[in-house]
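Good morning, colleagues. Please have the sequence and the model open while I go through it.

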Amino acid sequence: MASLKELKERIESVISTRQVTSAMKMVSAAKLQKAQQLILKARPYSDELDLFLRSLASRNRRQLHPLLHEIDDKAAKNVGLIVVTADKGLCGAFNMNIIKKAEEYLHEHKDKKIDLICVGKKGFDYFRRLNMKIEASYVELFNKLEFEYSRDIMQLVTEKFVSRKYDEVLIVYNEFKSAIQQNIVLKQLLPIKELKEDKEDRYAAYLFEPSPEELLDELIRKDLDIQIWRVLLESSSAEQGARMAAMDAATDNADEMIKDLTLEYHHLRQSKITTEIIEVCSGAEGLQ
Amino acid sequence: MADSSRLIHLKIVTPKGIFLEDDVSELVAPGKDGDFGVQIGHTPFISSVRPGILKIYKNDKPELFSLMNGFVMVDIDKVRIFTEIIENPDDIDVNRAKRAKERAEKRLQEKKENTDLRRAEAALKRAVTRIQINEDGFH
């Protein structure tokens, strides 16, 4: 059985851990809010771009653009898989869920040549430990998300796609559902899936400079940019949500532990006092 | 002061939100096929832009911004600019851009892994644009 001193030390250490977890919970809550604001702020930009893209794409024949060109799913031999995890842990199963999903995909598609592109330090570390070849990695970016990251990723995958090194580019990430719920999403980035046609065609009256074809090319890349940007924001929000939940549970556990340990401490102290009194009494009796 | 009926509504939208919204008398943007000016009543057109300077005239003195890329959508009474990166040249730290340029050049020479190369190239392009904008003496 632990001594009184040991118990006291343990209680103190749990109390200080509890302070850390409850502080982390609050920090995550603040970061979550920030990440969500960024999602809202991206909307006017991405909505307009989306409309414009659909309008231009419906007036061009889609076969014309290589990034819209779809090949038979089964014929896709070379795949670029973007794995989006967090840079940090302490967020429950957040990172492991993504890694598992990626491994599942690798396992199910052994006939394909799959290049890993790791976004986030946790996924990168994991696959590197397994000695797997990592085509590209972007780490330590979630602390200060910059749009330039998504552009770099976009440039990497579009180049490989246009030069036919990849037949398909997929991205796996955590989607933000609510503060306590994340969805694992595996979605196709390239080739771009069928675009919904813009029936109104709000851009019919405009002149274009340069030609619509050239604009389309640029627009498609920008659209991918913003798609990747949104994925990064989603993942970042989901990460903060997951960390909040994990830290909340940890704080609760610490509370429980402090309660139990304190009770144990009192028991031990009481029985020690009782023993001492008995000793004193029996000593006094012996003297009589 | 400019006549308020001759003003055109300008809105600059970035992935990080609305960068600027104002009524201006004229603006000059670095179009892909050359600079162009826009005032109220312009024919609706859409142009993509190259990295360069965006000039906004409100009073006599133009306000300058560095645009990296994007689109300008012109309507009769409003202009919308969609860009990923727009900066006030005063906010650009030229020394930092120069250091970034050197770093990127060094990384490009060393050629360690293809990952670093790609990012170095992109960083180099950005740094060069930022330096140019400040050194070309637009002030």
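Predicted model: local features only at pLDDT ≥ 70, side-chain atom pairs only at ≥ 80, totals over all residues.

From the N terminus on, the elements of chain B follow the order β-β-β-β-β-β-β-β-β-β-α-α. In other words, chain B holds ten strands and two helices.

Chain B has 139 residues, of which 28% are buried. Among its contacts with a separation of 6 or more, 48% are between residues 24 or more positions apart.

The domain assignment of chain B gives two parts: domain 1 covers residues 4–89, and domain 2 covers residues 93–135. Their C-alpha centres are 27 Å apart. How many residues of domain 1 of chain B are in contact with domain 2 of chain B? Five residues of domain 1 meet four residues of domain 2. On the domain 1 side, four of the residues are nonpolar, one is polar and none is charged.

I turn now to the contact between the chains. Chain A contributes 26 residues to it, and chain B contributes 22 residues. On the side of chain B, strand S1 (8–14), strand S2 (17–24), strand S5 (45–49) and helix H2 (114–135) each supply at least two residues. By class, that side of chain B consists of nine nonpolar, seven polar and six charged residues.

The two chains also pair through strands. Strand S6 of chain A, residues 207–209, runs parallel to S5 of chain B, and three bridges join the two. Which residue of S5 of chain B is the bridge partner of A:Phe208? The partner is B:Ile46.

Next, the interior. In soluble globular proteins, nonpolar side chains tend to be buried together. Here, the largest nonpolar core has 80 residues, and those with the most contacts inside it are A:Leu81, A:Ile82, A:Val83, A:Val84, A:Val157 and A:Val172. Helix H5 of chain A, residues 212–287, provides the largest share of this core, with 16 residues. Apart from this core lies another one of five residues, including B:Ala97, B:Ala120, B:Ala123 and B:Ala127.

Finally, some points of backbone geometry in chain A. Most residues other than glycine have a negative phi, and most peptide bonds are trans.

Two cis peptide bonds deserve mention. One joins A:Leu190 and A:Pro191, with omega about -10°. A:Pro191 is placed in the loop between strand S5 (181–190) and S6 of chain A. Another cis peptide bond joins A:Glu209 and A:Pro210, where omega is also about -10°. A:Pro210 belongs to the loop between S6 and H5 of chain A.

As to phi, A:Asn131 has a positive value near 60° although it is not a glycine. This residue is in the loop between helix H3 (121–129) and strand S3 (134–138) of chain A.

Note on methods. Residues numbered from 1 in each chain as written. Chains lettered and ligands numbered in written order. Core = buried A, V, L, I, M, F, W, Y, C linked by C-beta atoms within 7 Å. Buried ≥ 20, exposed ≤ 12 C-beta atoms within 10 Å, placed from the backbone. Helix = DSSP H or I, 4+ residues; strand = E, 2+ residues; numbered from the N terminus. Contact = placed C-beta atoms within 7 Å. Nonpolar A, V, L, I, M, F, W, Y, C, P; charged D, E, K, R; others polar. Pairing = 2+ DSSP bridges. Domains from an automatic or database assignment.
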